[in-house]
Amino acid sequence: MRLAFWYGCRWLPLRRTPYKLFPVSEIGIRRHTTGASPVSLSYDVFDGRSTGTPLVFLHGLFGCKSNFQSIGKKLVQQTGRKVLTIDARNHGNSAHSSVMTYEAMCSDLQKLMSQLHIQKCVLIGHSMGGKVAMTTALLQPDLVERLVVVDISPSKTFTQTNFPTYITAMKAVKTDSNIPRSTAKRQAEDQLKSFVKDHSVRQFLLTNLIEENGLYIWRVNLDAITKNLDNLLGFPEFDTSYSGPTLFLGGGNSPYICSEDFPEIQQLFPYSDIQYIEGASHWVHADKPHDFINSIRTFLCSP
């Protein structure tokens, strides 16, 4: 396993490693459980001219497939590969379910790949999507040619996250009915401010505010996310490893991939590199899209 830092236009190697309030209970690692039936996932396809293995993007919690739309289009232009961006269950336009485990989301992805006749892909997942990608690589390694995990590790993330606060804030929002979306958005943002101080995070959460029959609702399934939050902040326990090329790509200003995670990364993904993009937060692809794309392209060309 190698560790490096993205600075400007080059990788600088650092060193080799040897390897309403919502109460959140202590998060432990779960054994594999039998998941519910796979659900139908919404997706966008950006076709390329190349016959190379397609790139499949998985978003994080409260995100949606459009988070990677501009990145996907640029990668199609620069690599010629087909790109898919996918809404996870309980997100975007995908089906809702009361079950939200990583095993279940892996089954959703496997079902979609089968429907699209995709036998192998380069799987790229951010945050929650990164955990789905890791789970898929470990459970269905033949489906994953290469793996990119963006700013997350196979460890519990309770101490790093503000997601319980975001859920509390979103559930408390009330807007008037039959008003323009811009007005509803302003009303919702004013109510979020006391819980969510970061303007960019508020704007990210507000992408989930939609109008339905004159009422404004959250399109994410907050009840399912609340019920399954321990699962989402944890990670399943595995006694196997993924032997394909793997890139862990972290934000230089983010705490989500730290040195304490390196031994577990090495155990589960022995052929992995860990790299950081300077100046990027948890939303690496949004903060530094050019560097993010360059890192993906470099990884695609690596042995």
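Which residues of α4 are buried? They are Phe 163, Pro 164, Tyr 166, Ile 167, Thr 168, Ala 169 and Met 170. Buried means under 20% relative accessible area, exposed means over 50%, and partly exposed lies in between (1.4 Å probe, protein chains only).

This is a predicted model, in which local features need pLDDT of at least 70 and side-chain atom pairs count only at pLDDT 80 or more, while totals for chains, interfaces and linings use all residues. Residues are numbered from 1 along each chain as its sequence is written, and side-chain values use heavy atoms, with hydrogens and water left out.

**Confidence**

The pLDDT is the predictor's confidence in each residue, from 0 to 100. Its mean for the protein is 89, and 87% of the residues reach 70 or more. Over residues 7-35 the pLDDT is below 50, and this stretch has 69 contacts in the model beyond near neighbours in sequence. Contact means heavy atoms within 4.5 Å.

**Helix α4**

Helices (H or I, at least four residues) and strands (E, at least two) are DSSP runs, numbered from the N terminus. Helix α4 covers residues 163-172 and is mostly covered, with 7 of its 10 residues buried. The cover over these buried residues includes α5 (181-192), α6 (199-206), β9 (215-218), α7 (222-227) and α8 (229-233).

**Nonpolar cores**

A nonpolar core is a set of buried Ala, Val, Leu, Ile, Met, Phe, Trp, Tyr and Cys residues joined through side-chain atoms within 4.5 Å. In soluble globular proteins, nonpolar side chains tend to be buried together. The largest nonpolar core here has 65 residues, of which Val 56, Phe 62, Met 113, Leu 123, Leu 147 and Ile 225 touch the most other members. Helix α3 (residues 128-139) gives the most to this core, with 6 residues. Apart from this core lies another of 22 residues, among them Phe 46, Phe 68, Val 148 and Phe 292. Not counting residues up to four places away in sequence, Val 56 touches Leu 84, Ile 86, Leu 109, Met 113, Cys 121, Val 122, Leu 123 and Ile 124.

**Cavity and pocket**

Both kinds of space are found on a 1 Å grid over the protein atoms alone. A cavity is a set of points where a 1.4 Å probe fits but cannot get out, and a pocket is an open set with protein on both sides within 12 Å along at least five of seven lines; lining residues have an atom within 4 Å of a point. Grid points are joined across faces, edges and corners, and a volume is the space filled by probe spheres set on the points.

The largest cavity has a volume of about 110 Å³. Its lining includes Leu 41, Leu 58, His 59, Ile 86 and Asp 87. The elements that give two or more residues to this lining are α2 (102-115) and α3, and α2 gives the most, with 3 residues.

The largest pocket has a volume of about 470 Å³. Of the 27 residues that line the pocket, Val 201, Phe 204, Ser 281, His 282 and Trp 283 lie nearest its centre. The elements that give two or more residues to the pocket lining are α1, α4, α6 and α10 (284-287).

**Single residues**

Four residues are listed here with their relative accessible area.

| Residue | Relative accessible area | State |
|---|---|---|
| Lys 65 | 10% | buried |
| Arg 146 | 10% | buried |
| Ser 127 | 6% | buried |
| Asp 151 | 0% | buried |

Lys 65 lies in the loop between β4 (55-58) and α1 (69-79). Its side chain makes a polar contact with the side chain of Ser 42 (3.0 Å). A polar contact is a pair of N or O atoms within 3.5 Å; within protein, one must be able to donate a hydrogen and the other to accept it, and residues adjacent in sequence count only if both atoms are side-chain atoms.

Arg 146 is in strand β7 (residues 144-150). A polar atom of its side chain lies 2.4 Å from the backbone oxygen of Ser 302. The C-alpha atoms of Arg 146 and Gly 244 are separated by 5.9 Å, although the two are 98 residues apart along the chain.

Ser 127 is in the loop between β6 (121-126) and α3, and has a positive phi of about 55° although it is not a glycine. Asp 151, in the loop between β7 and α4, has a positive phi of about 50° and is not a glycine either.
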